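Open the model in your viewer and keep the selection panel at hand. The stops below are given in the order in which to select them.

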Amino acid sequence: MTHSFAGKRIVVGVTGSIAAFKVAGWVSALAKEEALVDVVMTVAATKFVSPLTFGSLSGRPVYEDMFSAEQEGTISHIGLSREADCILIAPATAHTIARLAYGLADDLLSTTVLAARIPVIICPAMNVQMYGHPATARNMKILKDFGYLVIEPESGLMACGEEGSGRLPEWEKVAEYVLREISAKDLDGQRVLVTAGPTREPSDPVRFLSNRSSGKMGYALARTAFRRGAEVTLISGPTTQQPPAGVELIKVTTAMDMHQEVMARYQDKSVIVKAAAVSDFRCATQSDQKIKKDRSSLVMELEQNPDILKELGALRDHDRQLLIGFAAESSNIEEEGRKKLLGKGLDLIAVNDISSSTCGFEVDNNQITLIDSSGVKKLLHTSKIKTADLIWDHVVTNKMLKPARP
Ligand code: PMT
C-alpha cells in the first residue's frame with residue numbers, strides 16, 4: 001500500500017451517475033485503510049447504487065436526507081463538514097456542479113458543501129457532450145474560483161456508448177490528490193527533482209548491465225513530495241512502478257540518458273534527490289547484432305559513466321538548491337556515508353543498510369541512516385513510503401529547505 005488514510009475522516013458525496021458504482025470501490029479502499037468515511041448521497045445517486053451498499057462498505061451510516069439525519073440525532077450538515085478532513089464529491093454530475101456553482105442548499109450534500117471550511121474535491125463524470133457544454137465549463141470555473149479542486153475526468157468509452165472526456169479517473173490517481181489536499185503542505189512552492197530506479201547499459205540488442213533497484217524508494221520520495229505540496233519531476237530508469245499521479249515522469253534507460261535529462265532540468269529545482277542506482281560503468285562498445293556464443297570466453301571492456309551526483313555537487317547553487325544523495329552500503333555505514341557526503345558535495349546523504357535482506361534493493365521496507373553536517377540519525381526500519389516521509393520530515397524540521405520561489 002503506497003498511501004495511508006488511517007484516522008482521516010472523509011465525506012464522500014455521491015451523485016446520480018452510473019459511475020457511482022466505481023465510487024463504491026473507492027469507499028471500500030478508504031475503509032480498508034482505516035479512514036472514517038461518511039457517505040452522503042443525493043436522491044438520484046440512490047437510483048444507481050443502494051445506500052446499503054455504501055453503508056456495508058464504509059461500516060458507517062449513510063446520509064441521504066437532511067431532515068431525517070437531524071431527526072435521528074445523527075450528525076448534521078454542519079457537523080459533517082466540521083469533523084471531516086475533506087469532502088470528495090464523486091461522481092459529480094453536471095447538475096450537482098451547477099447547483100454548487102450557484103450556491104444552492106436544498107439537500108444534505110449541497111448544505112454540507114456550503115457550510116464547509118475544509119478542502120472540497122470534485123470529480124466530474126458525465127456524458128462527453130454535457131462535459132463540453134459551455135454551461136458546465138462555466139460552472140466548473142466557478143467551483144475552481146471558490147478554491148475547490150476539480151480533478152479533470154479522463155477520456156475513453158463511456159457507459160452511454162459515446163467516446164470522449166467525462167470518465168471518472170482511477171482511484172490510485174484520485175487518492176494522491178486527496179492526500180495532497182489533506183496533508184500539511186510543508187513542501188509547498190518547492191520544485192523537487194528525484195531520480196529513481198536502475199540504469200541499463202546495453203552490450204547488444206538483447207543484453208544489458210544493470211542492478212537490482214526496483215525504483216520503489218525513489219518513487220516513494222516523489223509521491224510523498226507531491227502530497228506535501230511540491231512540484232515534482234521524477235527521472236526514472238526502467239521499473240515496473242506505476243507512474244505517480246501529479247508528478248512529471250521522464251523515463252530513461254542508460255546512465256548517459258539520465259545524465260542528459262538531469263543536466264537539462266536541475267537548474268530551476270530547489271531540491272534534488274538522487275535515489276537512483278546509476279551504473280558506474282557502461283560497455284565501451286555495443287554490438288549491433290546479438291553476441292554469439294561461438295567462443296569459449298568473452299572479455300567486455302567497460303568505461304566509466306559520469307558521476308551525475310558529483311557533477312551536481314560542483315554545479316548547483318548552494319543558496320538556492322538542496323542536494324540529497326543516497327548510498328547503498330553493507331558495512332561501515334557512517335564512514336562510507338560521510339565519504340560520499342563530503343566527496344560529492346552533498347547537504348544530506350541517506351545511507352541504505354543493504355546487509356539485511358529486509359531493506360535496500362527491491363523490498364518494500366528500508367532502514368536508512370541520515371548523515372549531514374549536524375550529525376547522524378538512524379531512521380526506523382519501516383516502509384519505503386514512511387521512510388520517504390521521515391526524510392522529508394528531517395529536511396523540514398532541520399530547516400534545510402531553500403526559500404521557495406515567490
Ligand atoms: O530502488 P529500490 O529497490 O527501492 O532500492 C533503493 C536503492 C537501494 C536503490 C536506493 O535507496 C539507493 O540507495 N540508491 C543509491 C544506490 C547506490 O548504490 O548508490 P552509489 O553508492 O552507487 O552512489 C551514491 C550516489 O551517487 C547515489 O545518489 C547515486 O544516485 C549517485 N550516482 C552514482 C553513480 C553515478 N554514476 N552517478 C550518480 O549520480
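Start with strand β4 (residues 86–92), which contains proline 91; helices (H or I, at least four residues) and strands (E, at least two) are DSSP runs, numbered from the N terminus. Show the backbone here: the peptide bond between alanine 90 and proline 91 is cis, with omega about -10 degrees.

Before going on, note that this is a predicted model, in which local features need pLDDT of at least 70, side-chain atom pairs count only at pLDDT 80 or more, and totals for chains, interfaces and linings use all residues. Residues are numbered from 1 along each chain as its sequence is written, and side-chain values use heavy atoms, with hydrogens and water left out.

Next, select the ligand. It sits in the largest pocket. A pocket is, on a 1 Å grid over the protein atoms alone, an open set of points where a 1.4 Å probe fits, with protein on both sides within 12 Å along at least five of seven lines; a molecule sits in one if more than half of its atoms lie within 2 Å of its grid points.

Display the shell of 26 residues around the ligand (a heavy atom within 4 Å). Ser213, Ser214, Lys274, Lys340 and Asn352 come nearest. Colour the shell by class: 12 residues are nonpolar, six polar and eight charged, with Gly counted as polar. Helices α11 (216–227) and α13 (308–315) and strand β17 (322–329) each give at least two shell residues; β17 has the largest share, four.

Now look at polar contacts, pairs of N or O atoms within 3.5 Å.

- Serine 214: a polar side-chain atom is 2.6 Å from a ligand oxygen.
- Glutamate 362: a backbone N or O atom is 2.7 Å from a ligand oxygen.
- Isoleucine 308: a polar backbone atom is 3.1 Å from a ligand nitrogen.

The protein buries 95% of the 770 Å² that the ligand exposes when taken alone (Shrake-Rupley method, 1.4 Å probe).

From β17, step into the loop between β17 and α14 (333–343) and select asparagine 332. Asparagine 332 is not a glycine, yet has a positive phi of about 45 degrees.

Finally, select arginine 60 and aspartate 38, whose side chains form a salt bridge at 3.0 Å, N to O (a side-chain nitrogen of Lys or Arg within 4 Å of a carboxyl oxygen of Asp or Glu). Arginine 60 is in the loop between α3 (51–58) and β3 (62–63), and aspartate 38, 22 residues apart from it, is in strand β2 (residues 36–41). The structure holds 26 salt bridges.

Definitions and conventions
Polar contact = N/O pair within 3.5 Å; in protein donor to acceptor, adjacent residues only side chain to side chain. 1 Å grid on protein atoms, 1.4 Å probe; cavity = no way out; pocket = protein on both sides within 12 Å on 5 of 7 lines; lining within 4 Å.
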